[in-house]
Amino acid sequence: MNHRGRDRRGASNSLRALALCTVLALAFAACGSSRRSGNTTGNTGASTPGGTTPIVDTSNCPAGQDSVGVSGNTITLGTSLPESGLYAPFTAILKGERSYFNYLNAQGGVEVPKGSGKKYQIKLVDKDDAYDAARTVTNVNSLINDTKVFSLFNVVGTKNNLGARDTVNSDCVPDLLIASGAVQWGNTKFPWMLGSELVPYPLEVRVFVDYLKKNKPNAKIAVLKANDDFGQSYAETLTELIKGTNLTVVQTQGYDPESSDVKSAVTSLAATKADAFLLGATLLACPNALTAMGDAGWKPIVYMSGTCVSKLLLGAAGKNADGLLTVTPLVDPADPGNASLPAMQLYMQQVKKYSDADATDGIVAYGWTTAALMARILENSPKLTRSSVMETARNFKDGKGIGLELPGATWDTSATDWFLGETFQLITYDATAGHTKPLGPLVNLDGKTAELSPQSLLHS
Amino acid sequence: MSLFLTQLMNGIGNGAIYASLALALVLIYRTTGILNFAQGEMALYSTYLFWYFTDRGLPVIVAILLTVVLSFIGGAVIERVVIRPVEKSSPLVLVIVTIGMFLALNSIVQVQFGSDIKTNLPRAYPRHVWRPGDVQISTDTLVLVGVLILECLVLYLLFQHTKLGLAFRAVSSNPESSRLAGVPAGRMLMLGWALAAALGALAGCLIIPTLGLQASSMQSILVFSFAAAALGGFDSPVGAVVGGLIVGVAQSLTTQYIKSLSDIVLVVPFALILIVLMVRPQGLFGSRRVERV
Amino acid sequence: MTSRRQLQMIGLAASIVALVVLSVIPHLTSATDTQRWAQALYIGMAAMGLNILTGYNGQVSIGHGAFFGLGAYTTALLMHQHGWQFLPTLLVSAPLCFVVGVLIGFPALRVKGLYLALVTLGLAVLFPDLTKHYVHVTGGTNLVALNRTELEPPQWVPTWLSAIGRDDQWAYYVTFALTVVLVIATYLMVRSRFGRALIAVRDHEAAAETVGINAARIKVLAFGLSALYAGLAGSCSVLVDHLANADKVQTFQLSIKFLVAVVIGGAATVIGPLIGAGIVVGLQWFISEVLPRHLGSIGILKRTLGNPAASPAIFGILLILFVFVMPDGIVGGLRRFWARLMSGRSGAPPPTPAPLTT
């Protein structure tokens, strides 16, 4: 169900694309289609490594911009994230990222392409946007035009990236590894945006629904969601995915993300005595909701958003978080059982060396791993150009062992699969032990995000 | 019925939070005649101090006392250093100064203590929730309301029954005349700010352990505290408390019973305020200003 | 020549110089900096509007971010969802904001001073929630992001005004032109009967009524006009920032920014708010971009100046220091300075500027 329109217009600076298209047109007589209509069931085009039609159409890209950001042996990356204000706790991501890049640079840098012997230092320029979408757009424009970065990296926030979407796609600048599990990055009209390894929100809901179907098929579900696009995506997906099952949503309450006061909302939900509780919340609202739930004497099956998986937040909820379900794409740094893994030891060492961050914080681990993923994408690119790197990212084949990636996970993309974080671990929180524990085998929903997402969001 | 009572208790709990800060706002208004935008951030800074002390192992009660004392002093210093130089300027200028403090304190807190979330701030009392007949009563709410009542009593006794209180009232109603009468106006002003800061600090130490501490913790509370003070009347401590309780209860009852407004819950408290102010422009308990022509 | 006349001539000369400089800015600076100048201009527009209400008429509002947002969303939705060109949207956003402002002005008659300020705060806080409830455009969020095609200047705009790929220049010039129009309008308004009525109602409402001024009408009109200015500013911001977005923190901060600009520049002066806006935007840029780059790497200062979370602190402290030194704003300060200069020559006591009472 992955729609892809093709836009063919006149002379281009990517002769290769034109040539390939001509070949295909002769071969299949189906290459042409109407302009950028996104709704045509265009051919999905096999992307065999022999070099068939690229997934990313570079025919309208400004000329001569393909190698911007690479000078000498330095690749400049740019990011925009909240370093002040309400979402300042996400600065921890930056600390993880920098630790990785510092470690990599100390080893000589990233080799692009792998095996060529040519190594590059990575320079990361960060800008503060205080989570304000308007500032992100300004930052992105500045990074592209003034700082002249090669690629954007791990820009935080759904709205923030949506605001910059048009610029990034018109200027053909890769916006890689967006820090948001939103499904809008699967919109094929905007091929220069790639989400990071965060589990897409609909997959979280899917996992929860599957769990309920198996363990409590007639469950009544209560939902607490943040009053923003983040919370909305959980609620909408749940409504979609319970169609045709015996599960019902009995009440949905919203809360103001700027205040994290959820007591009355949860009290109201608790009064329904629902069997299950979907917590589409983040930051302090998570422990507060769990506490309110405990206070009400309500003991449903809880699913908590993966964005709250942090020793700090779960610890604050204490007993009330015991047994809740959530997911993670990474190995949990707060679990002492993982301490002996070589990838974990490296991570702990380097984070301690290069920053003052708490390495057991999942947010730092996320930053580290995403940086490692960026390096891997670069390594896999045959050429150090924006179009080549973006094409590689769209056609990513997981070589395993990226940062704190779960052993056995597959992070890959293809012409029909626009999401990375589709294999992950269902986990449960053990309040006595103080850390999460895996529940069951690795979940593999590779390639399924698009069909599980509310279509209105996917194509918006 | 039990659900209604529980939400009522929730509302009272939240209301007590707003009222605590509103009380401090009223105090400042009665001394300096302005709206102190920085009230929440002053309380925030105090709360971070509290966290700092408890993080370093101080027993909770000691930490609270230390924080309140330091905040008391801090409030007086702020009045002397930041407010006094502009006290004769227009109220607009004073508001700008408090806005400057608001921005500065919020940011200083992040630089000094870090922008990460702090959880598990200790309470001075055991946390317990009773559930008689499905109604939730938590010690958090009881303690907060109890402290609030105590504060009101103390302030009442102070202002109505002591010489200090008399001097205070003199200065806030007419600084010039009271100076002529020999009342040390400057010191009274400092006292007002010091008390407000101490009240805010106590409020923070009691509230934040239930909510979690981060740099934005006080901002939404502040908005509701403004609303509470406006509803009750800016120059009335009783009004602040009643206003706070009304706002809190309105909020939680709306959440429970008017679900269609679930994402615009704020409409209710503000609509309430507008209605009240249309009927009584000085707030429920405020005093009318007489304007001489 | 009297000193007052001399002051007026200097003011005029300064204005002309400023006009010339501002008109060539986009050709001298990068796109990012042009955007900043344009931001200063639209903040100035909104601040001028707020000044009419607060400076000249004494009604304090900390909710004008809501009117700004209303203008922004009107323009953005018309352009994005209905394909309108920018200028026609002003014909909708300006009257709409005026009407809403007037509607708010009526209940505001009953509510005075501090209480009014808080009711307007309610506006600023409610508006974003309302947009989240009713607007689901870009990606299903309440963000309305315009794409490049929509932001292009219309055909009749000469190319020197909008170099291809530099639609920031078009955005700048539109904002600049509107600002000039509003400055002239404000100047005329202040010197008209309406302007004097505004001040009369501010200073002594009861007395004003006795000389036949309909205080209620004046106050309501003031609200409407200030909302109109803010709405126009919001519309311009869509061109300049390429989007319309409202969230609580941001709407509140905008409202505060307008107020700060009014006070720093000089309340109850025509050009003061514009200067104030320039200072506010410039200072924020200086603190978050320039300082960290040049001083942020020096060891001791790294923790403070190099830390993005520290910018509001520096700004707040500078703001406080500023009003210590110049409580009646830049324009007020300049006037006092000029008066002292003049009195120094002629030996006469310096005329004291009229105190602002609210």
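**Helix packing, a chain contact and a nonpolar core**

In this predicted model, helix 1 of chain B crosses helix 5 of chain B in a left-handed way. The two axes, with helix 5 spanning residues 139-161, come within 9 Å and cross at roughly 35 degrees. Who meets whom here? On the helix 1 side of chain B, the residues are B:Met9, B:Ile12, B:Gly13, B:Ala16, B:Ile17, B:Ala19, B:Ser20 and B:Leu23, and they meet B:Asp140, B:Thr141, B:Leu144, B:Val145, B:Leu148 and B:Glu151 from helix 5 of chain B. Sorted by class, this helix contact has nine nonpolar, three polar and two charged residues.

Next comes the contact between chains B and A, made up of 27 residues from chain B and 30 residues from chain A. As for classes, the side of chain B touching chain A has five nonpolar, 19 polar and three charged residues.

Then there is the largest nonpolar core, with 355 residues; those with the most contacts inside it are A:Cys286, A:Ala289, B:Ala227, C:Met45, C:Ala46 and C:Leu243. Helix 8 (residues 185-211) of chain B gives the largest share of this core, 20 residues. In chain A, domain 2 (70-199 + 336-421) and domain 3 (201-328 + 425-458) both give residues to the core, so it lies between them. Setting aside residues up to four places away in sequence, A:Ala289 touches A:Leu224, A:Val262, A:Val266, A:Leu279 and A:Ala281.

Key:
Residues are numbered from 1 along each chain as its sequence is written. Chains are lettered from A and ligands numbered from 1 in the order in which they are written. This is a predicted model: local features need pLDDT of at least 70, side-chain atom pairs count only at pLDDT 80 or more; totals for chains, interfaces and linings use all residues. A nonpolar core is a set of buried Ala, Val, Leu, Ile, Met, Phe, Trp, Tyr and Cys residues joined through C-beta atoms within 7 Å. A residue is buried if 20 or more other C-beta atoms lie within 10 Å of its own, exposed if 12 or fewer, and partly exposed in between; C-beta atoms are placed from the backbone. Helices (H or I, at least four residues) and strands (E, at least two) are DSSP runs, numbered from the N terminus. Domain bounds come from an automatic or database domain assignment. Two residues are in contact if their C-beta atoms, placed from the backbone, lie within 7 Å. Ala, Val, Leu, Ile, Met, Phe, Trp, Tyr, Cys and Pro count as nonpolar, Asp, Glu, Lys and Arg as charged, and the others, Gly among them, as polar. Axes are lines fitted to C-alpha atoms, for helices over the stretch in contact, and angles run from 0 to 180 degrees between N-to-C directions. A crossing is left-handed if the near helix is turned anticlockwise from the far one by less than a right angle, and right-handed if clockwise.
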